[in-house]
Amino acid sequence: MKYAILEDGGKQYKAIEGETIDVDRYSSDIGDQIDLAHVLLISNEGKVVVGKPFVDGAKVQATIETHFSGPKVIVFKYKPRIRYRVKSGHRQKYTRLRINSIMEE
């Protein structure tokens, strides 16, 4: 099985050819092809290439499948005896990427 560990938006993801990953929202349109060049590690049938910090010439090609929102997170601030209560919520925006190919030099 061929896979790569890549960095995007300060987070690391395991990318396997033909599968999907959920990353922070991209401003590109659905169906656009993007190249992810910050590849930290590539494994191909037991042969492992580790970058310092990135693998030279390696990139992961992906297609944007959809944009969606994550689950709602409720933030509730409360201080007793002083009648302080603040309730707010947040939904993180995500982009689902289909991994097309993992290329190495």
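Trainee: Where does Arg81 sit?
Mentor: Arg81 is in the loop between strand 7 and strand 8. Strands here are DSSP runs (E, at least two residues), helices are H or I runs of at least four, and both are numbered from the N terminus. Keep in mind this is a predicted model: local features need pLDDT of at least 70, side-chain atom pairs count only at pLDDT 80 or more, and totals for chains, interfaces and linings use all residues. Residues are numbered from 1 along each chain as its sequence is written, and side-chain values use heavy atoms, with hydrogens and water left out.

Trainee: Buried or exposed, that Arg81?
Mentor: Arg81 counts as exposed because its relative accessibility is 81%. The cut-offs are under 20% relative accessible area for buried, over 50% for exposed, and partly exposed in between (1.4 Å probe, protein chains only).

Trainee: And what is phi of Arg81 near?
Mentor: Near 70°, a positive value in a residue other than glycine. Glu45 has a positive phi too, near 55°. Glu45 lies in the loop between strand 5 (39–44) and strand 6, and at 63% relative accessibility Glu45 counts as exposed.

Trainee: Which residues does a cis peptide bond join?
Mentor: Lys52 and Pro53, with omega at about -5°. Pro53 belongs to the loop between strand 6 (47–50) and strand 7.

Trainee: New topic: how many helices and strands does the chain have?
Mentor: Zero helices and eight strands.

Trainee: Which strand pairs with strand 4, then?
Mentor: Strand 7 (residues 59–79), in the antiparallel sense over four bridges; strands pair if DSSP finds at least two bridges between them. Ile34 has Ala62 in strand 7 as its bridge partner.

Trainee: Which residues are on the covered face of strand 4?
Mentor: Ile34 and Leu36, while Gln33 and Asp35 make up the uncovered face. In a regular strand, side chains alternate between the two faces of the sheet.

Trainee: What about Leu97, buried or exposed?
Mentor: Buried, with a relative accessible area of 0%. Leu97 is in strand 8 (residues 84–103). Leaving aside residues up to four places away in sequence, Leu97 touches several residues, including Ile34, Leu36 and Ala62; contact means heavy atoms within 4.5 Å.

Trainee: Last one: what radius of gyration does the chain have?
Mentor: 19 Å, whereas a compact globule of 105 residues would be near 13 Å. That radius is taken over C-alpha atoms, and the globule rule is 2.2 Å times the number of residues to the power 0.38. The C-alpha atoms fill a box of roughly 65 × 30 × 20 Å along the principal axes.
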